[in-house]
Amino acid sequence: QMKPFVDGLKTVELDATKFNVEWVKLSNGNALKYEADKEKITIILDRVYKSSETISFTVKYSAQPKLGLTFVKPSTSDPKRPYQIWTQGETLTNREWFPCYDSPNDRATSETFITVDSKYTAISNGELIEVKENKNKKTYHWKMDYPFPSYLASLVVGEFAELKQETEGVPIFHYVYKDQLENARRSFASVPEMMRFFATKLGHPYPYKKYAEVMVYEFPGGMENITATTMTDNLVRDERAMIDNNDGLSAHELAHQWFGNLVTCRDWSELWLNEGFANFMDAVWLGHSKGQEEYLRDVLESQNTVLQRYKQGSHRPVATKRFYHPDDLFDENSYARPQVIIHYLKHILGEEAFWKAVNHYITVNRQRGLVTGTDLSKAIEDVTGQNLDWFFEQWIYKLGQPELEINSQYDEKKQQLKLTVKQLQKKDPEKPWFDVPEAYRLPVDIGITTSKGTKIHQVIINQIEQQFSFPTEEKPVIVNFDRGNYILKTVKFTRTSDELIYQLGSDEDVTGRIRAAVELKNTVYEPAILALATAAKEDKSSLVRLQAVDSLSTVKGEIVKKTLLAALTDSNWQVRQRAVTILGQFKDKDLLAIFQKITGNEPSYKTVNAAANALGLIGSLEAVEVLLELAKKPSWQDTLTRSALLGLSYSQDPRVLDVALKCAAPGNSRYIRSEAVEMLGARAKGNKQALDLIRMALTDKSSSLNYSALAALSEMSDKETLEFLEEYSKKTNLDPNLQKYAEQVVNQIKQKGAGN
Ligand SMILES: [Zn+2]
């Protein structure tokens, strides 16, 4: 059903990829003329329609989607694989399985009827109206009465157990494999509180009548399909896996039910309004549920990711219309970057005004449901009276972040601290079409500490070069620029090692202490090494301890070793994991017993993984023995076996090839096979049995195995596999991404052959 926007509608175009259309009929039964091509169905209406009328018609079609809708089924190599169907519509792939207007800027309600064999459950958007039984079949009737954009439509079929919880009258369902209810109860216990917390924080109730998370096989992460999020079954964790995996993905997808689903980016260029807020809310949830340190950890990690990726050349503004395919926008510039920008925005506005503005943004835009950055800016202005266009202009629509250089000088006579701040950011000559702010406007907090205490000065930087003077009776012992680290930036602020040592030991601001530890990395100055060692052991923040451990990673000496060994019993698993990783780089046989002990009694899987890697680097016969034992231990999703294989991958011990061959064979889980297949790529060139196993993995129904097989073949670069690979890459029913990768490997092998 649809209504024309204006009078005079004669034809309707629907996105539909290569559909076989049987007929199109009006609701009165009259057939309509249509044309169906590779991309669209064009329907010629029986007459001209006015904007006051509703047009109702039915399309009967069949389709064989290559994208958008995935069938999963058991195979001889993996008989335990479930029968499933799941869909993934964002951005342009729901048109592969149902005809629709497939852009985010229009909405429709939906009703889905799905007939399946009785043992299956069928899940879609909205409420379950009824399940009709008919002999050995069931028909599920789902109805979503709140309009939504097409990319959020979902269909999942599988054999599921249902876990039901609720928050303030909203039922929350989790669909998991039947033998996983116990793990599901643990893994998703926090979702009701999450929903209550978000509703309170946003001042807006959860918008729909139900919520569900559906766990499916080999799903790429999570997708916020409206009222029915789809997620990877990896999220159903055992007790041990709960230690080093948080519920951030659930928080991210739940946050989307407001940001993305209730108010949707008007077009894909403004995707950040969906993803940036979802990432931000995920961090806010971690702060609420695990403490503010976890909020800060998330923000700092995101800042680092963004700066790292920028250095590597990932250059585009957060919002841009320059892209080939909307899928290209799903990178850190739509997720982590806007997350940390929103974090800074919150600081500028203050908690109360920020959340009021966010509430207003949702409330005034939910009717039409479409938003751009301007709507957010306007909502802030409505609530706070401040025009923040300058903020969005520089952070969202222009490229990069401030690159600052700071110099400080204390004038004893005038009793003044002088700070000179230069902005050095430049245009990217290879992308001259992206503007870079000549001078950012940056409200910033500067903490100045003397023996009398800390004073926080708030100033605004807004010029390319600027000088600030702060009255202070004595020479400051700490100058903490951007206290709290709210601003995404690079900063060069030269200070002496002694100044940094003092800051590391004494700054009340955690981010100030972290900054000092970062700048002391690679130090050879004995007092600095001692200060890092002390911080690694004694700082009350695990973020500082982690950074201190990290900053010692390239430093040699007994103190360092002692510090790292002590860090192995830190209460925080990230600190333990980092210490193991660094100790592993020493390749020190004397540490073997310690790593062995960790593989036996360390609770965090990720830390065990680091220990297995460390044993692999040692590589002695004894280390290999330990890893071979570890490989036999049963664990959640074969995590321990995979860790063991990682360690063994360094070894040339002949037994390792046997293990890899055994683990790559059909009958093992896809997790183990993937790992083993990649090992074979690195060590079994010319081995016929290995090649057969890799080929089997390549043609397996598991996409993760297919990718591992291609990685292995790429590693082998064996001309003998060329014919087979070429044939494979020309298959017509391949996932286009897999096909692209296969073609790459073919070309790589050919080029290598030509080089020889
Ligand atoms: Zn998302």
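Guide: A donor here is an N, O or S atom within 2.8 Å of the metal, and because water is not among the atoms, a site may look incomplete. The model is a predicted one. With that cut-off, the protein donors of the zinc ion are His252 and His256, each through NE2, and Glu275 through OE. These donors lie 2.0 to 2.1 Å from the zinc ion. Read along the chain, the donors have the spacing H-x3-H-x18-E. His256 sits in helix α3, residues 248-256, and Glu275 sits in helix α4, residues 272-290, so this pair ties together parts that are 19 residues apart in sequence.

Next comes the boundary between domain 1 and domain 2. At the boundary, ten residues of domain 1 are in contact with nine residues of domain 2. About 740 Å² of area is buried between domain 1 and domain 2, and carbon and sulfur atoms give 53% of that area. One salt bridge is counted between the two domains. Asp15 pairs with Arg95 in a salt bridge whose closest N and O atoms are 4.0 Å apart. On the side of domain 1 that touches domain 2, strands β1 (9-15) and β5 (57-62) each supply at least two residues. By class, that side of domain 1 has eight nonpolar residues, one polar residue and one charged residue.

Two points of the backbone also deserve a look. Most residues other than glycine have a negative phi, and most peptide bonds are trans. The peptide bond from Glu90 to Thr91 is cis, with omega near 5 degrees. Thr91 belongs to the loop between β7 (84-87) and β8 (108-117). Glu168, a residue other than glycine, has a positive phi near 40 degrees. Glu168 is in the loop between β13 (161-167) and β14 (170-176).

Technical notes. Residues are numbered from 1 along each chain as its sequence is written. This is a predicted model: local features need pLDDT of at least 70, side-chain atom pairs count only at pLDDT 80 or more; totals for chains, interfaces and linings use all residues. Side-chain values use heavy atoms; hydrogens and water are left out. Contact means heavy atoms within 4.5 Å. Buried area is the accessible area (1.4 Å probe) that two parts lose on being put together, summed over both. A salt bridge is a side-chain nitrogen of Lys or Arg within 4 Å of a carboxyl oxygen of Asp or Glu. Helices (H or I, at least four residues) and strands (E, at least two) are DSSP runs, numbered from the N terminus. Ala, Val, Leu, Ile, Met, Phe, Trp, Tyr, Cys and Pro count as nonpolar, Asp, Glu, Lys and Arg as charged, and the others, Gly among them, as polar. Donors are N, O and S atoms within 2.8 Å of the metal (3.2 Å for Na, K and Ca); water is not among the atoms, so sites may look incomplete.
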